[in-house]
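Q: Got a model up on my screen. Can you walk me through it?

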Amino acid sequence: MFRTILPGLLLGWGAAMAQPVNNNFGSATDITGLINSCSANAAYTTVAATADQSAGSCWSNGPNYNVWFSFTATATQYIKVQVKTGGAEGSLQNPFVALWNSALTQLNCQNYQGASTDIETDYFGLTAGQTYY
C-alpha cells in the first residue's frame, strides 16, 4: 500500500515572493521517495503559485493556484494521498487534492472540508512504473 502524506504548506508573505519550484505541471516535485512516509511539517508552499492545467472536477471554487507533485508507482496498485494542515503541519487553508495520470486524466479528487481540515484521496488501479501527479 502506498501512503503519502504532505503536511500542510507553509504560507507567509514577503515583499517579493518567488513562485514555488513546483508551480507548474512541468516542474512537479518528485515525491516517490515519500511513499509510505511523509514530508517534514510545512515543507511546501502555495504562496505566489499561479494557475495552470485544469482544476480538479470536485473543486468547488478557484482560482486554480496550484503546485504539482509526481510519483512513480511501484508494484503496489494503491495509493492514499493525505494533505495535513494546521498547527505545526503548516498554515495552508482550504486545501484541495486531485490525482492525475501522465495523460492528465483525473483519477480521483477531494474538495476542501474546512479551513484547517486535513484531507485525503485514494486510488486503486495504479500501474507499476507509470508516473502520476
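Q: What should I know about the model before we start?
A: This is a predicted model: local features need pLDDT of at least 70, side-chain atom pairs count only at pLDDT 80 or more, and totals for chains, interfaces and linings use all residues. Residues are numbered from 1 along each chain as its sequence is written, and side-chain values use heavy atoms, with hydrogens and water left out.

Q: How many helices and strands does the chain have?
A: Zero helices and nine strands. Both are DSSP runs numbered from the N terminus: helices are H or I with at least four residues, strands are E with at least two.

Q: What order do the strands take in the open sheet?
A: Three strands make up the sheet, in the order 2-4-9, with mixed pairing. Two strands pair if DSSP finds at least two bridges between them. Strand 2 (29–30) and strand 9 (131–132) are the edges, each pairing on one side only.

Q: How do strand 4 and strand 9 pair?
A: Antiparallel, over two bridges. Phe71 sits opposite Tyr132 in strand 9.

Q: Switching topic. How many aromatic pairs are there?
A: Eight. Rings of Phe, Tyr and Trp (its six-membered ring) pair if their centres lie within 6.5 Å; planes under 30 degrees apart are stacked, over 60 edge-to-face, the rest tilted. One of the pairs is Tyr44 with Phe69, edge-to-face at 4.8 Å centre to centre and 80° between the planes.

Q: Which parts does the pair of Tyr44 and Phe69 tie together?
A: Tyr44 lies in the loop between strand 3 (37–38) and strand 4 (69–72), and Phe69 lies in strand 4, so the pair links parts 25 residues apart in sequence.

Q: Is Tyr44 buried or exposed?
A: Buried, with a relative accessible area of 18%. Phe69 is buried too, at 13%. The cut-offs are under 20% relative accessible area for buried, over 50% for exposed and partly exposed in between (1.4 Å probe, protein chains only).

Q: And why is the pair of Trp68 and Trp100 tilted?
A: Their ring centres are 6.3 Å apart and the planes stand at 45°, so the pair counts as tilted. Trp68 is in the loop between strand 3 and strand 4, Trp100 in strand 6 (residues 97–100), so this pair ties together parts 32 residues apart in sequence. Trp68 is buried at 5%, and Trp100 at 8%.
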